[in-house]
Structures are given as C-alpha cells and as structure tokens.
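Trainee: I would like to go through how the chains of this model meet. Please take the questions one at a time.

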There are 2 protein chains.
Amino acid sequence: MKKIVIFGVGLIGGSFALALKKASATHITGIGRSQESLQEALKLGVIDAFSDTQEANIHAALQDTDLIMIAAPVAQTASILQSIKPHLSSNTVITDAGSTKSDVLACAKEVLGEQFNQFVGGHPIAGAEKSGVTAAMSDLYAGKNIVLTPTAETNKDGVAVVAELWRTCGANVSEMSAETHDGIFAAVSHLPHLLAFALVDDIASRPNAAQLFSFAASGFRDFTRIAGSHPEMWRDISLANKTALLSELDAYQNELSQLKQLLTNEDGAGLQALFNRASTARNAWAKNRQ
Amino acid sequence: MKKIVIFGVGLIGGSFALALKKASATHITGIGRSQESLQEALKLGVIDAFSDTQEANIHAALQDTDLIMIAAPVAQTASILQSIKPHLSSNTVITDAGSTKSDVLACAKEVLGEQFNQFVGGHPIAGAEKSGVTAAMSDLYAGKNIVLTPTAETNKDGVAVVAELWRTCGANVSEMSAETHDGIFAAVSHLPHLLAFALVDDIASRPNAAQLFSFAASGFRDFTRIAGSHPEMWRDISLANKTALLSELDAYQNELSQLKQLLTNEDGAGLQALFNRASTARNAWAKNRQ
C-alpha cells in the first residue's frame, strides 16, 4: 500500500493513518473542510500532505491512489463520494469508517454506479467520545473489532485489501451484512448512547440540577461517560440508523414498563429476578472479555 | 471512640471498620447472619470479635458500646433494631449506612420509640458493586460524600459523634432531610442503576444475545458497569425508595418519548440540541469533579 487518501483526519482517520505509518512507509494525503486541522495533522506527522475540497485539488490528490478512506461525519459521505467519482481510477479501493452501514452502502451505490464494486463499507469499533486529530493514536485499533459489510457486488480483492490494512492496525476483522451490522449496533451502542444523553438532559434541565450533580458518584460517572460524546456525530448516527434505533427504543420502553409494574406491585421477587439476570449476564460478559 | 458494634460486616461496614482502626485503637465487634463471613472478617483484621444474633449474645456485645453501625441490607434494619432495643443504653449512638433514608427513619422511630433521638440516619456514597468483607478497604470513603439525615428529635451530640467518625474515614459530611436525600439519590443513583439493569436484561433475553454481547465495546462496558451490582441490595433499595423512583422512571420515559419524537420526525436540529445540552452538562460535571 503506497498511497492513501483520507477524507476527514480526526480521531478515527488520524489513528488509522498513524497505525499504517508505524507499520510501513505509506504516503498519506488528508482532505477536509478545515485547513487548520489538516495543518495540525501535518505538524503532528499524521499525514504527509493535505488538500482542500476544490475539484482540481481532489483530482490531483487522487492520482495513483491505492485506497481512499472516508472518515468524516457520515452526513458528509454523499458529497465526498460525489467529489471523488469523476476522478476515480478503476484500481482504487474506497472504504469508510462510518458507524452505520445500510445508509452508507445505499449512498455509495447511488453515487458510484458501476464503480460501486470498488466500495467496501467498514466500521471500526473504537471509543470516539474524544474527537479531533489531537486525540489520534497509533494503537487506537489494537485488539478492537472492525466490521466490514461487503455486498454480492463488492470486489473481493478490495475487501481483502481493506481487511489486511485493518489487521495491520492490530484490529480483529469480521464480515456481515449492513443490515445485521446496523441491528447489532443499534442495540449495544446507539441505544446506550441515547439513554445516557437522555438521563443527563433530564437531570440538567431541573431547577435543582446543581445539587443533583453534586451528589452524583462513580456509578453516574461511568453510566454517563458516553453522554459526553460528540453531538453532531450522534445526531448523524441516530438519523442514519433511525429504523433500528426506534425499534430498540420501543423494546427498551417495554422493559422499563415491566420494571415499573414490578415496582408498583412491590414484587420483590420479580425485581430481584430481573436484577439477577442482568448482573449475571453483565459479569459473565466482563469476565469473558478479559 | 472505644467500642463499636457493626451489624453487617461487608464492603460498607468492613471498610468503615478498617478506616477507624487505621486512625486509632478501636475495639470493633461484628454481628451478622453468616458466621463464616464474620470468621473471615476476624481473620482479615477487620473486626476484633464477633457474635451471632442470639439475644444473650447481642446483650453481651452491646455492653458499654459507644456506637452501633447498621450496615446490613436495608430490609434487615427493622429486625436488627428490634434485637438492639432491649439492650440499648442511653449513652449509645446508633447510625446506619442504608442507601435510602425515609424508610429507615420511619422504622427507627417505630421500633426505638423514646430512644429514637439516639438514632442518626446516614448514607455513605461509595461504589458498592463489589460486595462482601473481602472487598473492604480502609480508604473506600476517602474524599467521598456522606449524607446524614437528622430530624428535629435527633440528639445533636449523637450527630456530632457520627459526623466526626466519618471525617476520620476521610469523608465529606453533609446534612439534609431524609426526603431531600431520597429524591436526590433516586435521580442520580437509583434510576441509573435500574436503567442499566433494564438494558442488560433486555439484551440478554434475546435469541442473538451472544452475538450482541460479542460486539459490545467500551461504551457498553462503562454504561452497564452498575448492572453488575448486588441484586438483593438493589431490590431492597428499589422497594424502599419506590415513590421517588417511580416518579423518576416517569420523568425518564417522558424524556425518551421526546427523543423518539425527534427521531421519528427526523428533527436533526432538535436531536443535536438535546445531545449538546447533555454533553455540555456531562463534561462540565466531570471537569468540576476533578
């Protein structure tokens, strides 16, 4: 892999760049909206060159490029693909790092047309509550899961290239359909984020918020850590995975209604059984994860 | 403080004992249901002696006792107070470490009658997802909040004695009414615990639970840490603070309904505004806490 172009050099794109540069000599060009942050990325040695989003400059940047990584907020994916399309050689593999996949694949198919087979959807599962290139680190992906979502049309060599790059970053690569991916992450990632945002907003909006926060302890700290996540990013993820997320919210509200019923009925045995199922599953998961 | 009796020598009672012994020579007697765990506490140097709950033995243990700490699960508070009452000298201060206070004060008033003025309700705000005396540590309370909930009838000297002991453990002591306490902790502690239990139970009950758990990452890990908490303890807390907790669950479900409405309407600006309020408040709280 000689030449890589990354759209959006923040925590995700920047850490991808640092991991690949650490492994082998790779020329990386960053492209983005903010020239200041690209300047910062260059200064930090994350990228070797950068370009703005003017057509002539994108054309120049994409010459002889082996791989294009789209690591910008998912809402920008369509416009980025449109800016790439006219300058895309048939030898270039395109991948992305978006947290949702069905919407990205639909968008790539529409914009890339007959070159859709060059697009490999991807999602690195790595904490992103800190954003920006200054938070980038070469070992962000070490031991983390990366999900690739190839379709029947996707070029198998392209999938192999992207999988190999992620393994070079130290990640565990798995493949599944975009629909399966979006269902899984609605449950284990997107829903918890919305629940944490909702709790903090609920408490922060009260007249006695300051007093409430002053007695919040370590349980609250860990439960709400993800409520510190990037609002724009989570707006995009929520809208992109709307359908799966709404059904997760319905399932969760049913679970809460059952819990309220047990509490209203003062059903101690029922409450203990629910708490016991949860704590047993949580502790087994944590043990198994070590 | 020469002689202390602790009912329930687990994480909370055991850590209280270790902190006081570290500060000065104090004779501590443990009383509880499980003689094995009291034997363990003796072996670990957490207590100097122990007794079972037979009346004659409790009578002997309470002789010349300066302070009685009740650190057993809250559901046992009434029976423990009943076992203490016949042997309680007027010089002995009684306190507790229950996570809910209105129910404990009502119970103490009923059982202790004219000696209710010797009872000082207390709640140490310290992580308790690990339970048992083997998890006890002398610095568990260093820098932590301790809330005392004296009433108009409570003996002021008794409050001063309990406050001083907690300061000896390194804690920050504050006083408020039991009702205020229960409202605050329903919001910042009891509700988050129920929400975390509910999420894990929701996911664990599905046919594809194993696959879902296999892709859960650090956000899920922190959000669900408190779902590993002690089921019996949380059953008791939930039932004891039922009224405040049910109104918290209602407020939270309203918040979730608003969130669902924003998502259904694809109201990106509304979603971003909610996420932004939450992340700003969460990050300000975390910064302020350091």
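**The interface of chain A and chain B**

Mentor: This is a predicted model. Across the interface of chain A and chain B, 33 residue pairs are in polar contact, with both residues at pLDDT 80 or more.

Trainee: Which helix gives the most to the side of chain A that touches chain B?

Mentor: Several elements of chain A supply at least two residues each to that side, among them β8 (145–148), α7 (178–204), α11 (242–264) and α12 (268–289). With 18 residues, the one that gives the most is α7(A).

Trainee: By class, how many nonpolar, polar and charged residues does the side of chain A that touches chain B have?

Mentor: The contact takes 81 residues from chain A and 81 residues from chain B. On the side of chain A, the classes come to 44 nonpolar, 20 polar and 17 charged residues.

Trainee: How much area do chain A and chain B bury between them?

Mentor: The size of an interface is often given as the accessible area lost when the parts come together. Here 66% of the buried area is on carbon and sulfur atoms. The area that chain A and chain B bury between them is about 7,800 Å².

Trainee: Which residue of chain B meets D201(A) in a salt bridge?

Mentor: The rule finds ten salt bridges across the interface of chain A and chain B. In one of them, the side chain of D201(A) is 2.7 Å, N to O, from its partner. That partner is R277(B).

**Symmetry**

Trainee: What rotation superposes chain A on chain B?

Mentor: The superposition has an RMSD of 0.1 Å, with 0.0 Å of shift along the axis. The two copies are thus related as by a two-fold rotation axis. The rotation is 180 degrees.

Trainee: Which residue of chain A has the C-alpha nearest the axis?

Mentor: The copies meet through the same surface, because 100% of the interface residues of chain A are also interface residues in chain B. In chain A, the nearest C-alpha lies 2.0 Å from the axis and belongs to F223(A).

**Around E266(A)**

Trainee: How far apart are the end C-alpha atoms of residues 242–269 of chain A?

Mentor: An unreviewed UniProt entry lists residues 242–269 of chain A as "coiled-coil region". In the model this span is 89% helix and 0% strand. Its end C-alpha atoms lie 36 Å apart.

Trainee: Where is E266(A) placed?

Mentor: E266(A) is not a glycine, although its phi is positive, at about 50 degrees. Its place is the loop between α11 and α12 of chain A.

Trainee: Which side chain makes a polar contact with the side chain of K242(B)?

Mentor: K242(B) is found in helix α11 (residues 242–264) of chain B. Leaving aside neighbours within four places in sequence, K242(B) is in contact with L263(A), T264(A) and E266(A). The polar contact, at 3.1 Å, is with the side chain of E266(A).

Notes
Residues are numbered from 1 along each chain as its sequence is written. Chains are lettered from A and ligands numbered from 1 in the order in which they are written. This is a predicted model: local features need pLDDT of at least 70, side-chain atom pairs count only at pLDDT 80 or more; totals for chains, interfaces and linings use all residues. Side-chain values use heavy atoms; hydrogens and water are left out. Contact means heavy atoms within 4.5 Å. Buried area is the accessible area (1.4 Å probe) that two parts lose on being put together, summed over both. A salt bridge is a side-chain nitrogen of Lys or Arg within 4 Å of a carboxyl oxygen of Asp or Glu. A polar contact is a pair of N or O atoms within 3.5 Å; within protein, one must be able to donate a hydrogen and the other to accept it, and residues adjacent in sequence count only if both atoms are side-chain atoms. Helices (H or I, at least four residues) and strands (E, at least two) are DSSP runs, numbered from the N terminus. Ala, Val, Leu, Ile, Met, Phe, Trp, Tyr, Cys and Pro count as nonpolar, Asp, Glu, Lys and Arg as charged, and the others, Gly among them, as polar. Copies are superposed by least squares on the C-alpha atoms of residues with pLDDT of at least 70 in both. UniProt positions are given in the numbering used here, feature names are shortened, and annotations may be inferred rather than shown by experiment.
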